[in-house]
Amino acid sequence: MMIMGEICTRGCTFCNVATGRPESLDLFEPARVADAVAKLGLTHVVVTSVDRDDLDDGGAEHFARTIRAIRRKTPNTTIEVLTPDFLKCENSALETVLEAGPDVFNHNLETVPGLYREIRPGARYFHSLRLLQRAKEGKPDVFTKSGLMVGLGENRQEVLQVMDDMRSAQVDFLTIGQYLQPTRKHHAVMRWVPPDEFASYEMSAYGKGFLLVSASPLTRSSYHADEDFNRLRQARRDALDRRTG
């Protein structure tokens with residue numbers, strides 16, 4: 001479910017969402033999202049949004065209202081949020097979202113730091129990394145998740161370094177997928193990454209300590225999110241069992 005409208009205040013070169021001046025927030029949207037989740041019988045839902053740099057809190061309270069509305073309507077539904085970076089907001093924006101109680105906090109780094117100026121010109125790599133770290137520090141029981149696209153011009157060592165950065169921020173779940181160019185106006189595909197390279201990335205990521213990794217050409221941030229959430233919970237239980245003997 002994408003909330004807060006269809007117009008983004010950023011202009012990332014990989015993304016086909018329209019950029020411009022968004023409309024005012026729809027205060028009834030959280031209730032409508034909750035109704036949709038109930039009508040669809042969803043056991044797991046991913047709530048994401050455009051960037052809303054025009055709002056003082058970046059839309060954090062709207063996320064929180066949506067989470068709470070779903071909890072009231074379908075309390076057994078697990079909730080994953082895929083949020084913006086809240087770059088231009090006070091630090092309390094992240095806490096507002098976390099206090100509402102999502103099961104998974106996802107924020108995608110998208111690419112390696114050396115490509116940020118080209119790919120995510122409105123974002124800052126280390127701010128996004130710190131957001132993930134703060135989420136885990138603030139709510140240790142919340143699963144944290146982040147994703148990368150490959151084929152944008154990065155090299156293998158850069159991808160492995162991002163994995164290390166994510167693990168230093170205690171990210172639990174990593175997704176890696178092939179970048180696909182939405183239109184001719186967007187950033188070109190610099191390379192088609194073969195399946196065996198994705199398998200190699202997956203092996204390396206597990207070796208670095210991620211609880212769960214999804215790496216394939218068609219992997220996307222919300223790819224098989226329901227099944228993966230169950231696998232993530234089981235991976236945590238298995239890790240705890242190993243520690244306790």
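Predicted model: local features only at pLDDT ≥ 70, side-chain atom pairs only at ≥ 80, totals over all residues.
Residues are numbered from 1 along each chain as its sequence is written, and side-chain values use heavy atoms, with hydrogens and water left out.

**The largest pocket**
- The largest pocket holds about 880 Å³. A pocket here is an open set of points on a 1 Å grid over the protein atoms alone, with protein on both sides within 12 Å along at least five of seven lines. Volume is the space filled by probe spheres set on the points, which are joined across faces, edges and corners.
- Its lining runs to 36 residues, with F14, C15, L82, N108 and E110 nearest the centre; a lining residue has an atom within 4 Å of a point.
- Strands β4 (44-49), β7 (143-150) and β8 (173-178) each put at least two residues into that lining, and β8 gives the largest share, four residues. Strands (E, at least two residues) and helices (H or I, at least four) are DSSP runs, numbered from the N terminus.
- By type, the lining has 16 nonpolar, 14 polar and six charged residues. Ala, Val, Leu, Ile, Met, Phe, Trp, Tyr, Cys and Pro count as nonpolar, Asp, Glu, Lys and Arg as charged, and the others, Gly among them, as polar.

**The second largest pocket**
- This one has about 220 Å³ of space.
- Among the residues lining the second largest pocket are K136, R167, D172, F210, R236 and R243.
- Helix α8 (residues 225-244) makes the largest contribution to that lining, with four residues.

**The cavity**
- There is one cavity of 30 Å³ or more, a cavity being a set of points where a 1.4 Å probe fits but cannot get out.
- The largest cavity has about 40 Å³ of space.
- D51, R52, D53, G58, P84, F86, L87, K88 and C89 line the largest cavity, and they sort into four nonpolar, one polar and four charged.

**Helices α2 and α3**
- The axes of α2 (residues 60-73) and α3 (residues 92-99) come within 8 Å and cross at roughly 5°. Axes are lines fitted to C-alpha atoms over the stretch in contact, with angles from 0 to 180 degrees between N-to-C directions.
- That crossing makes α2 roughly parallel to α3; angles under 35 degrees count as roughly parallel, over 145 as roughly antiparallel, 65 to 115 as roughly perpendicular and the rest as oblique.
- A60, E61, F63, A64 and I67 of α2 meet A93, T96 and V97 of α3, where contact means heavy atoms within 4.5 Å.
- Those contact residues divide into six nonpolar, one polar and one charged.
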